[in-house]
Each structure stands twice: as structure tokens, then as C-alpha cells.
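Have a look at the model first, then follow along.

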Amino acid sequence: MKLSENWLREWVDPAADAAALAAKLTMAGLECAVEPLAAELPQGVVVARILSLVPHPTADRLRVCEVDAGTGAPLRIVCGAPNARQGMLAPAALPGARLPGGVEIRTAELRGVASSGMLCSASELGLAEKSDGLLELDAGAVPGTPIEQHLGLRDRLLDLDLTPNRGDCLSIAGLAREVGALYALAPTPPPQPAPAVSISRAVPVVVEDAQGCPHYVGRVVSGLDPAARTPDWMRERLRRGGIRAIHPVVDVTNYVLLELGQPMHGFDCTRLKGPIRVRRAAGGERLALLNEQTIELAPQDLLIADDSGPLVLAGVMGGTASGVTAGTTEVFLESACFDPVTVAASGRRHKLLSDSRHRFERGVDPALQRRALERATGLIQQICGGQAGPVVEAGTAPAHAAAVRLRHSQVERLLGYAIPAADIPPLLALLGIATHAVGEGEWLAQVPTHRYDLRIEADLVEEVARIYGYDRIPARAYRAALAPFAAAETRRPADAIKDLLVARGYQEVVTYSFVDPRLQQRLDPGSAAIALDNPIADTMSVMRTSLWSGLLGTWLYNRQRQRQRARLFELGACYTRAGGAVAETRRLGGLVAGTVRPEQWGEAPREADFYDVKADLAALIGGDADGIRYVPARHAALHPGRSARILRGDAELGWLGALHPQLARELDCPETVYLFELDADAAGRCVLPAPAPISGFPSSRRDCSFVVREQVTAESLVEVARAAGGSLLKHAFVFAVYRGAGLPEGCKSVSLGLIFQDYYRTLQDDEVDAVVGEITARVSTQLGASLRG
């Protein structure tokens with residue numbers, strides 16, 4: 001939010017320059033920066049009145065103007081602006097003037113006619129990005145007045161970046177309250193006499209939803225001059241606040257928005273049918289908004305309506321059916337307080353942003369409505385004339401927002417510093433918080449209605465610290481009793497998992513939790529993705545159910561930049577909807593593409609395969625790797641012949657496999673890409689090492705080559721061997737696989753290494769041979785294998 005420094009100083013004027021004021025606000029929690037009103041102010045530009053104008057003798061689009069610029073004698077200026085007319089007042093750059101951008105004005109001839117200067121538009125003065133004609137000034141402007149004086153251009157902008165809880169500072173009045181508290185000054189708002197009620201005309205108001213609208217006031221103002229023009233001082237203040245001038249009534253409501261923080265709306269009375277009703281939307285209702293968008297209303301939307309139907313989406317945006325026009329002579333002014341949650345929900349549901357919504361969803365003072373209405377009425381009468389009707393009110397304005405107990409002991413405990421108890425009530429009084437002593441070092445604080453953010457004792461402690469000054473509180477170590485924390489030995493910390501993968505050549509990535517719904521559906525069609533109400537983009541409109549979306553996107557981004565190799569991992573949350581509730585799980589995902597090692601002279605390049613990634617997972621799982629099984633299974637995102645479900649016992653741990661060829665073609669990814677994803681909590685479990693004695697007796701090894709069908713996995717062969725080997729078989733492993741000549745069609749040869757040993761004696765050959773025979777028999781019976789001769 002940007003506000004004029006000069007405007008603020010009309011309310012409260014501390015003895016500090018703009019930089020010091022911004023620093024003070026920032027230290028108090030209101031981040032503030034100072035910006036110049038313009039990069040360069042115009043020099044030598046004055047107010048001028050067009051006395052007469054005639055067509056240029058040789059140029060159809062130019063006219064020759066006689067101009068009173070306060071120099072004593074009229075000046076001749078050639079002008080091509082379409083809105084130039086006799087009697088109009090506009091800025092005139094006289095010879096020797098300098099405009100923003102370094103443009104210097106000299107006396108010159110334009111198509112044979114001498115021109116003693118230039119009549120200027122707003123864009124030529126650096127006050128707008130583009131303009132359609134001359135900048136028209138007030139009829140009461142005095143020719144010859146420097147334009148920077150007339151428009152008050154010697155000003156600076158205060159650019160405030162407020163946290164959502166400080167909606168009370170989204171106005172000049174709110175910011176003046178805060179500055180006054182920080183400098184112990186009382187703000188002086190402009191005089192605001194109550195407008196006299198001179199007509200009886202009123203529009204009835206019926207609030208059908210008091211929770212959505214606890215307070216509503218309004219009044220009719222009749223007899224407006226449709227030819228009235230918003231004065232320059234108001235136009236400039238609106239412009240500096242980021243709002244363009246539209247119509248005097250609309251401009252006044254926007255001015256009150258910036259000055260007091262109360263959003264308002266003006267209805268053309270002649271377009272209203274029956275009483276104003278504040279109600280929820282009915283099924284099938286639609287509303288044409290001022291931004292030329294028509295929305296389908298939901299039953300949760302709060303509306304301002306009349307007998308003809310919806311008029312305004314309450315707190316968010318007005319409709320076209322009842323807005324003021326150039327010919328409006330009678331208006332009904334609305335000033336209301338709407339429920340922040342209701343306004344925020346409607347705005348998000350319909351993807352609508354407005355200054356009104358920005359304030360209401362942060363909380364508007366429920367006692368401000370009548371004051372804002374009186375201020376707007378007075379300004380409208382000042383600009384447009386007219387007679388005011390009686391105020392119509394529904395609901396009541398509360399006296400205070402909450403009563404909160406504050407203890408001096410808590411102030412000292414939370415701040416770690418003893419602010420004198422006698423100083424606390426005066427500090428809070430600067431913020432308009434009245435206190436009443438209820439005990440020794442204990443007060444009951446009455447929170448003003450504009451402070452939605454003060455509801456508990458810690459909130460008041462923060463306010464005491466802010467106004468006292470954070471820079472006055474000495475920095476020192478906080479004394480606390482911290483119980484020692486013993487990490488469970490059966491859990492591997494996330495950092496340890498990351499370190500292990502980095503040591504194996506992986507790089508960690510952090511990707512968005514919002515992903516493309518189409519890619520998400522291809523990768524994980526079995527999970528119900530959660531759609532976002534207000535996505536950043538169509539390609540980021542659902543929450544991820546798998547980390548593969550982000551990993552693939554990262555790889556494709558890098559591949560387009562000529563990266564040929566990647567080993568990526570991410571540890572993050574995935575989200576699914578289960579039984580109507582949102583389930584969040586931590587997952588560990590990885591992607592491997594390209595060669596096993598970077599290009600080098602020591603070995604020939606080799607593409608990474610399934611077993612390379614499996615080895616990485618075995619290293620990750622550590623001592624429990626022997627208890628992990630890789631069971632061939634189909635996954636929608638993985639290659640049908642190169643994918644496996646990872647199991648620990650009967651519990652699923654995750655998936656490993658190559659990207660499905662069809663999906664790879666759609667993503668324009670010709671390389672083979674391997675993906676894995678594990679449940680991070682399950683992957684982080686550790687098996688504690690169990691001590692065992694080292695045998696003092698020699699081991700015995702036997703190698704057996706079994707001919708099995710291609711469908712038989714090496715894992716199943718090892719499992720059968722382990723089960724048949726009993727206690728004497730200490731280790732069984734695959735050391736060779738052969739396919740080729742000498743084997744039946746559709747078969748392969750798998751060679752197992754079998755290590756036998758006893759802790760208490762040396763094994764005899766016949767004992768070992770007997771166990772090998774049992775293993776051979778079991779393998780033959782269960783897997784149809786035979787020993788290879």
C-alpha cells in the first residue's frame with residue numbers, strides 16, 4: 001500500500017524526516033520504504049487558461065491557442081490535444097521549461113506558426129503512463145501558479161508492506177494512529193461536521209444474515225450536480241494511493257477508503273427496486289460485476305440485493321445494475337462491516353481481487369461505519385452539492401473488541417526484560433487501549449474495535465514491546481530449562497538420508513507441491529489429487545500425490561540446457577484425499593538418467609540400469625537391506641518389464657523402475673530414466689546391529705549353477721537356498737548369470753555362492769555335501785531348477 005507523506009503529516013507531524021519515520025515504523029513491525037513521487041519533477045510548468053483556439057492554417061490536427069499563463073500577455077501555443085477547448089485550464093510548459101525525461105521546451109515554429117511553449121498531458125508531466133489529452137485542472141486554478149504547487153508534487157510516497165494482522169493500518173487514519181503512538185503525539189483528523197439532514201427520503205435496509213453483516217448504515221443524498229468534477233487535490237491523493245479518478249461519488253468513496261479504511265459503495269437510487277437486503281445467494285443467481293465479469297453465485301456468497309436480484313458481492317465488488325453513472329443525481333451510500341471469513345471465501349471462490357476485499361478480509365473496524373458515512377456525505381455535498389437524508393442503520397457498533405488480562409510478570413517473562421509496571425498503562429494508552437488495575441501488577445485491557453489482532457495476553461505483551469521500542473530492550477541469552485533430547489537409534493534422521501544420497505552422487509532438489517494435473521494423472525492415476533481453489537497457473541492446479549512430477553520436470557528443464565546426466569532426489573510431502581480427509585505423507589523420491597559415472601578416461605561410459613539404482617537403495621536402507629524384497633509388479637508410470645514393488649516383509653515400502661516408454665515419448669525424453677519413491681518414514685527405520693561371536697573355525701564354500709526358466713527370479717532362488725540351508729548356511733549370493741548356447745530355450749543359468757560355517761567346530765565335507773544336496777532338491781522341487789553340468 002502506498003500513501004502520501006504530506007497527507008499523513010496533515011494528521012500527525014512528528015519531528016522526523018521521511019527516512020527516519022520509515023525506519024521507526026519498520027522497527028515497530030510495519031515495514032515501510034520511502035519512494036519519490038516522481039523520478040523527476042517538471043520545471044517551468046504553470047497553470048494556464050485557454051482563452052481561444054483556432055484551427056492551424058496548414059495542419060488539420062493542430063490548433064493555435066491563445067493562452068493566459070500568468071505572464072501578463074497572452075501566449076500563442078500550438079496544440080494537437082483533442083480535448084483542448086476554450087476556457088479550459090491545463091498545465092503549460094513555458095520556454096526554458098524542463099519535463100521529466102530531460103525534454104527541454106523552446107520557442108519553435110510548428111508548420112509555420114510560432115509556439116511559445118507546450119500544453120501538457122499527465123504522461124508528459126510524469127504523472128501517468130499514458131494520456132488521451134491535456135491534463136484538465138480545476139476551474140478555480142490560478143493561471144501562472146507553478147504546477148508542482150497546484151498539485152502538491154513536492155511529496156514522497158510511503159510504501160507499506162503490512163502483515164495480514166495489521167489491517168487497521170491500511171489507511172491514513174490507521175497509520176496516523178500508529179505514528180502518533182510511536183512519537184507520543186495525538187493525531188488531528190480534519191474537521192468533520194455532521195451534515196444536516198434536509199430531506200426525509202430513505203431506502204429501507206433489511207439484514208437477513210447478521211453474522212455475515214453485523215453492522216450496516218446508509219443514507220440517501222439527492223440533488224447532485226451531474227456536471228461536478230472531482231477536484232485536483234482529491235484526484236492527486238487517489239493517484240498516489242494507486243486509484244484512478246472515475247466519478248465524483250466513486251472517487252469520494254475511494255477517498256474515504258484511503259483516509260479512514262472503510263470500504264463504501266454508492267448506488268444510483270433510481271436503479272434500486274424496493275429495500276436493500278443483505279442475504280446469502282440463492283441457487284442459480286448470477287451477478288454482472290463492475291469489471292465486466294459475470295459470475296455464478298454460490299449459496300455461501302453474501303450479497304447486497306434488492307427486489308430485482310443481486311446488486312453487489314458483499315465486501316468484494318459491486319455490480320453494473322445499480323452503479324452510479326455520469327447522469328446520476330441521487331445516490332444511496334452504503335457503509336457496512338462484513339465478516340472477514342465470508343468476504344475472503346467469496347473473493348477466493350470467484351478469483352476476485354479488490355481494495356475492498358483486501359481490507360474486509362483483514363478486518364474493518366465494526367464501529368467505523370457511521371463516521372465514514374458522515375465523512376463521505378460531507379465530501380459529496382462539498383463537490384456535488386445535494387441534500388442528505390436520515391441515516392438508516394441495522395445492527396449496532398460495539399464499544400470495544402475484547403477485554404484481555406495482562407500481567408506484569410508475563411511481560412517480563414516473555415520479553416526477558418523488566419519494563420517498569422508503571423510504564424505499561426501509558427504505553428498501551430498511546431494505542432487507545434484503556435487499562436484498569438485488577439491487582440498488583442495486573443490489568444484488564446479494553447481492546448479498541450479497530451484491533452482485530454489483539455485477543456490474548458501475548459498480543460498485548462507484543463504491543464508493549466513495540467511501543468516501548470525493540471531497540472531499547474537489551475539483547476541477552478534467554479534463560480530456560482532445556483531437557484536433553486535423545487534421538488531414537490532405530491530412526492535415521494532426514495539429514496543422514498540426504499547425506500548418504502549426496503555421497504552416492506545425487507543432488508537434492510526442492511520442487512513445488514503444486515503440479516500439472518495432466519502429468520499427475522499419468523504418473524499416479526490411482527490417487528485422488530486435491531484441486532486448488534486459486535492456483536498460480538493451470539499447470540500448477542493440484543497438489544502432488546507423487547514426487548515424480550517435480551523430479552521429471554527438473555530433469556526435462558536441465559536436459560533442455562544440454563545436461564546429459566542426472567541423479568536427483570527430493571524429500572517432501574505428498575497429499576491425497578482419503579475418506580473425505582486430506583492425508584499428508586512424507587516421501588523420498590529419486591531420478592537417475594544418463595551414465596553411471598561422469599565422462600572420464602578410466603572406464604568406458606555405461607548407461608545406468610535398474611541394478612545401479614537398486615544398489616543405491618540397498619546402501620540407503622543399510623543393515624536391513626537383506627530384509628527388503630523387490631517384487632515384479634506393474635505401475636502406470638513405469639516400464640512393464642522394468643518395475644518392481646519394494647517390500648519390507650509384507651509392508652509396501654515404495655516403487656522402483658524405468659519410466660514408461662509411452663510417457664517418455666510424450667515428454668520428449670529419449671533416454672531411459674529410472675525412478676524410485678519410498679515412504680520416507682519407513683525408509684528412515686534402522687535395524688539395530690546385534691552382536692554375534694566370530695567363529696574360530698574355517699568356512700566352506702560351494703558354488704552351484706542352476707538352470708531355471710527366465711521367469712524365475714534370482715531373489716526367489718536365494719530365498720529357497722537360505723530356507724533349505726538351515727543354520728549352517730551363513731551366506732547365499734548370486735555371482736553369475738548366463739544366457740546363451742548350451743541352455744534350453746527360455747532358460748538361464750544362475751550361479752549361487754554358498755558359504756557354510758559353524759561356531760563350535762570344523763564342518764566335514766559330507767555334512768556340507770548333505771546340505772548342498774538338500775538345497776538342490778528344494779530348488780528343483782519348488783522352482784523346477786536343475787544343476788548345470
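## Before we start

Let's settle one term: buried means a relative accessible area under 20%, exposed means over 50%, and partly exposed is anything in between (1.4 Å probe, protein chains only). By that rule, glutamine 562 is exposed, because its relative accessible area is 69%.

This is a predicted model, in which local features need pLDDT of at least 70, side-chain atom pairs count only at pLDDT 80 or more, and totals for chains, interfaces and linings use all residues. Residues are numbered from 1 along each chain as its sequence is written, and side-chain values use heavy atoms, with hydrogens and water left out.

## Loops with a positive phi

Where does glutamine 562 sit? Its place is the loop between helix H15 (548-559) and strand E30 (566-578). Helices (H or I, at least four residues) and strands (E, at least two) are DSSP runs, numbered from the N terminus. Glutamine 562 isn't a glycine, yet its phi is positive, about 70°.

Glutamate 292 also has a positive phi, near 70°, and is a residue other than glycine. You'll find glutamate 292 in the loop between strand E16 (286-288) and strand E17 (294-296). With 78% relative accessibility, glutamate 292 counts as exposed.

## Helices H2 and H4

Two packed helices are described by the angle between their axes and the distance between the axes. Here, axes are lines fitted to C-alpha atoms, for helices over the stretch in contact, and angles run from 0 to 180 degrees between N-to-C directions. Helix H2 (residues 18-27) packs with helix H4 (residues 172-183) at about 90°, and their axes are 11 Å apart. H2 and H4 are therefore roughly perpendicular to each other. As for the cut-offs, angles under 35 degrees count as roughly parallel, over 145 as roughly antiparallel, 65 to 115 as roughly perpendicular, and the rest as oblique. On the H2 side, the contact is made by Ala20, Leu21, Lys24 and Leu25, while H4 brings Leu175, Glu178, Val179, Leu182 and Tyr183. Contact means heavy atoms within 4.5 Å. Sorted by class, this H2 and H4 contact has 7 nonpolar, no polar and 2 charged residues. Ala, Val, Leu, Ile, Met, Phe, Trp, Tyr, Cys and Pro count as nonpolar, Asp, Glu, Lys and Arg as charged, and the others, Gly among them, as polar.

Which residues of H2 are buried? They are Ala18, Leu21, Ala22 and Leu25. These residues cover an arc of only 100° around the axis, so they lie on the same side of H2. The arc is that of the directions from the helix axis to the C-beta atoms. An α-helix has 3.6 residues a turn, so residues three or four places apart point the same way. The buried residues of H2 pack against helix H1 (5-11), strand E2 (31-36), strand E11 (156-161) and H4. After H2 comes glycine 29, with a positive phi near 100°.

## Helices H5 and H6

The axes of helix H5 (residues 232-240) and helix H6 (residues 248-260) come within 10 Å and cross at roughly 55°. That is why H5 and H6 are oblique to each other. Their crossing is left-handed. A crossing gets that label if the near helix is turned anticlockwise from the far one by less than a right angle, and right-handed if clockwise.

Who touches whom? Trp233, Met234, Arg237 and Leu238 of H5 meet Asp251, Val252, Asn254, Tyr255 and Leu258 of H6. The residues in this contact of H5 with H6 divide into 6 nonpolar, 1 polar and 2 charged.

## Helices H19 and H20

Helix H19 (residues 714-725) and helix H20 (residues 765-783) pack at about 135°, with axes 9 Å apart. That makes H19 oblique to H20. H19 passes H20 in a right-handed crossing.

From H19, Ser716, Leu717, Val720, Ala721, Ala723, Ala724 and Gly725 meet Val771, Glu774, Ile775, Arg778, Val779, Gln782 and Leu783 in H20. By class, that contact of H19 with H20 has 9 nonpolar, 3 polar and 2 charged residues.

## Distances from loop residues

Valine 510, in the loop between strand E27 (507-508) and strand E28 (514-515), is exposed at a relative accessible area of 73%. Valine 510 and arginine 586 are 76 residues apart in sequence and 13 Å apart in space, C-alpha to C-alpha.

Alanine 481 is in the loop between helix H12 (457-468) and helix H13 (494-503), and is exposed, with a relative accessible area of 80%. Alanine 481 and methionine 88 are 393 residues apart in sequence and 76 Å apart in space, C-alpha to C-alpha.
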